[in-house]
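I opened this notebook to record what I looked up, one topic at a time. The entries follow below.

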Amino acid sequence: MTTVKEPGYGFLRNNALSLAFGALFLITLVGQAISGVADFNAQQVADGLPQVGFLDYVTSSSFAVDVMENWQSEYLQFLLYILATVWLVQKGSSESKDPGDEGTESDREQRVGRHAEVDSPLWARVGGWRTAVFSRSLGLLMGTLFLLTWAASAVAGWAAFNSQQLGQRQDPETFLGYLGQADFWNRSFQNWQSEMLAVGSMAIFAVYLRQRGSPESKPVGVAHADTGQTG
């Protein structure tokens, strides 16, 4: 009997997607910091206030709130998309299950417990609370990251808001008071709405448009009405 040996690839090739986006994340974060301190100092000059150094800026509440309010909206987007696609479908989209397949599916379909395979993860095989947790681990992680970054965004936004208040010789706001301010909700909603637009657009565009070779798209020749097909 001849065994077909799978080709081996190096670490870089096996992890090229996450490494590429990790590098792009760092580059764009540095770009945000450099452009952000320039913009901040331009406003300081316009207000007749002293400029700040790069290190002071990247450790300030102004930089933190700009970063955190974007991070929390990204994790919210993925959390909602992960949970919504369990129960909601978009006919013809590569991002969706077929109509009629809504729900958490059976243990056999999910290959858990006695239906698990030899190479299934341990927590998918053992059953009980560990399988229950592992079955929801992606949503739990995204939800936790959203709450943490949302809390960090709120605290940093509160500090930045009060810094502006003091600069204008106005009374600072309490944290709970800041959560009721239009500034906080304006920052949140302007990020959330853009994430919802991007996800909704992707679900619809994937029905009628193709990107050859991408698993985020259906194969080029697949009918528009076919759902869940990936290229």
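**Entry: S96.** I looked for S96 and found it in the loop between α4 (61-87) and α5 (107-110); helices are DSSP runs (H or I, at least four residues), numbered from the N terminus. I noted that this is a predicted model, where local features need pLDDT of at least 70, side-chain atom pairs count only at pLDDT 80 or more, and totals for chains, interfaces and linings use all residues. Residues are numbered from 1 along each chain as its sequence is written, and side-chain values use heavy atoms, with hydrogens and water left out.

Is S96 buried or exposed? I read a relative accessible area of 10%, so S96 is buried (buried is under 20%, exposed over 50%, partly exposed in between, with a 1.4 Å probe and protein chains only). Setting aside neighbours within four places in sequence, I listed V89, Q90, T227 and G228 as in contact with S96 (contact means heavy atoms within 4.5 Å).

**Entry: salt bridges.** I counted five salt bridges (a side-chain nitrogen of Lys or Arg within 4 Å of a carboxyl oxygen of Asp or Glu). One of them joins R187 to D66, with the closest N and O atoms 3.7 Å apart. R187 is in helix α10 and D66 in helix α4, so this pair ties together parts 121 residues apart in sequence. R187 also meets E69 in a salt bridge, at 3.0 Å from N to O. E69 lies in helix α4 too, so that pair ties together parts 118 residues apart in sequence.

I then checked accessibility. E69 is buried at 7%, whereas D66 at 27% is partly exposed, and R187 at 21% is partly exposed. Through shared partners, salt bridges join D66, E69, D183 and R187 into one network.

**Entry: aromatic rings.** How many aromatic pairs does a search of the whole structure find? I got twelve (rings of Phe, Tyr and Trp, the last by its six-membered ring, with centres within 6.5 Å; planes under 30 degrees apart are stacked, over 60 edge-to-face, the rest tilted). The rings of F189 and W192 have centres 5.4 Å apart and planes at 80°, so I wrote down edge-to-face. Both residues lie in helix α10 (residues 182-208), three residues apart, about one turn of the helix. W192 is buried, at 17% relative accessible area. I also noted one aromatic cluster, formed by W150, F161, Y178, F184, W185, F189 and W192.

Note on methods: Helices (H or I, at least four residues) and strands (E, at least two) are DSSP runs, numbered from the N terminus.
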